[in-house]
Amino acid sequence: MTLDRRSGCPINLSLEVFGDRWSLIILRDMIFGGRRHFRELLNGSMEGIASNILADRLKRLMELGMLTKADDPSHKQKAIYSLTEMAITLVPILAHLGAWGRVWLPTSEELSIRAELLDKGGPPMWEKFMAELRHEHLGTPLDTAPGPSVRATLRAAYEAVVAEKALNASPAG
């Protein structure tokens with residue numbers, strides 16, 4: 001797919017790729033949520049993307065070279081989407097977006113804990129996460145330190161905040 005180039009400015013060209021919120025939401029859900037099937041992306045996003053919009057954006061992201069699509073070996077009628085290197089290298093950008101949003105926008109504690117951890121973890125955490133994504137999506141060898149994955153660490157922090165909020169919200173017995 002060729003971009004509708006209004007100029008050669010890298011910011012303009014990037015906005016032409018990500019000019020709608022859904023493309024970044026899909027990539028966020030694939031990167032941080034581990035979602036790789038159409039149904040997972042459709043039903044797993046709290047923002048409520050419509051199926052026709054999801055299909056259109058997945059097609060566009062594939063045409064741009066950010067995603068690939070293959071038959072899912074575990075199910076004849078399913079396709080599995082994979083991030084390309086181009087998409088995986090968005091991790092630092094998404095980390096910066098999350099850090100900026102935590103400072104300047106009215107975020108919720110449970111949804112911003114991951115951004116906080118990525119911000120504090122900085123480039124070493126981002127590099128580890130990108131290595132894990134390359135392993136998951138591109139099949140490259142994984143030579144990171146043993147221990148929980150970055151996604152598992154982020155998920156555990158989110159679940160801990162949710163559990164604490166539920167505990168604090170329950171009436172004292």
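**Notes on helix packing and ring contacts**

1. Helix α1, spanning residues 10-18, has Asn-12, Leu-13, Glu-16, Val-17 and Phe-18 as its buried residues. These buried residues of α1 pack against helix α2 and against α4 (51-63). Please keep in mind while reading that this is a predicted model.

2. Next, the pairing of α6 and α7. Helix α6 covers residues 91-104, and its axis lies 8 Å from that of α7, at a packing angle of about 175 degrees. Angles over 145 degrees count as roughly antiparallel, and α6 and α7 are therefore roughly antiparallel to each other.

3. Here is who takes part in that contact. From α6 come Val-91, Pro-92, Ala-95, His-96, Gly-98, Ala-99 and Arg-102. On the α7 side they meet Ser-112, Ala-115, Glu-116, Leu-118, Asp-119, Trp-126, Phe-129, Met-130 and Leu-133. Sorted by class, the contact of α6 with α7 has 10 nonpolar, three polar and three charged residues.

4. Phe-32 sits in helix α2 (residues 21-33) and Phe-129 in helix α7 (residues 109-138), so the pair ties together parts that are 97 residues apart in sequence.

5. How buried are the two partners? Phe-129 has a relative accessible area of 1% and is buried. Phe-32 has 19% relative accessibility; the cut-off for buried is under 20%, and Phe-32 counts as buried too.

6. The charged end of Arg-21 is placed over the ring of Trp-22, at 4.3 Å from the ring's centre. Arg-114, for its part, lies over the face of Tyr-158, with 4.6 Å to the ring centre.

7. Finally, a strand residue. Ile-80 is part of strand β2, residues 79-83. Which residues does Ile-80 touch, leaving aside those up to four places away in sequence? They are Arg-36, His-37, Thr-68, Lys-69, Ala-70, Asp-71 and Asp-72. As for Ser-23, it is 57 residues from Ile-80 in sequence, and the C-alpha to C-alpha distance between the two is 17 Å.

Terms used
Residues are numbered from 1 along each chain as its sequence is written. This is a predicted model: local features need pLDDT of at least 70, side-chain atom pairs count only at pLDDT 80 or more; totals for chains, interfaces and linings use all residues. Side-chain values use heavy atoms; hydrogens and water are left out. Helices (H or I, at least four residues) and strands (E, at least two) are DSSP runs, numbered from the N terminus. Buried means under 20% relative accessible area, exposed over 50%, partly exposed in between (1.4 Å probe, protein chains only). A charge sits over a ring if NZ of Lys or CZ of Arg is within 6 Å of the ring centre and within 35 degrees of the ring normal. Contact means heavy atoms within 4.5 Å. Axes are lines fitted to C-alpha atoms, for helices over the stretch in contact, and angles run from 0 to 180 degrees between N-to-C directions. Angles under 35 degrees count as roughly parallel, over 145 as roughly antiparallel, 65 to 115 as roughly perpendicular and the rest as oblique. Ala, Val, Leu, Ile, Met, Phe, Trp, Tyr, Cys and Pro count as nonpolar, Asp, Glu, Lys and Arg as charged, and the others, Gly among them, as polar.
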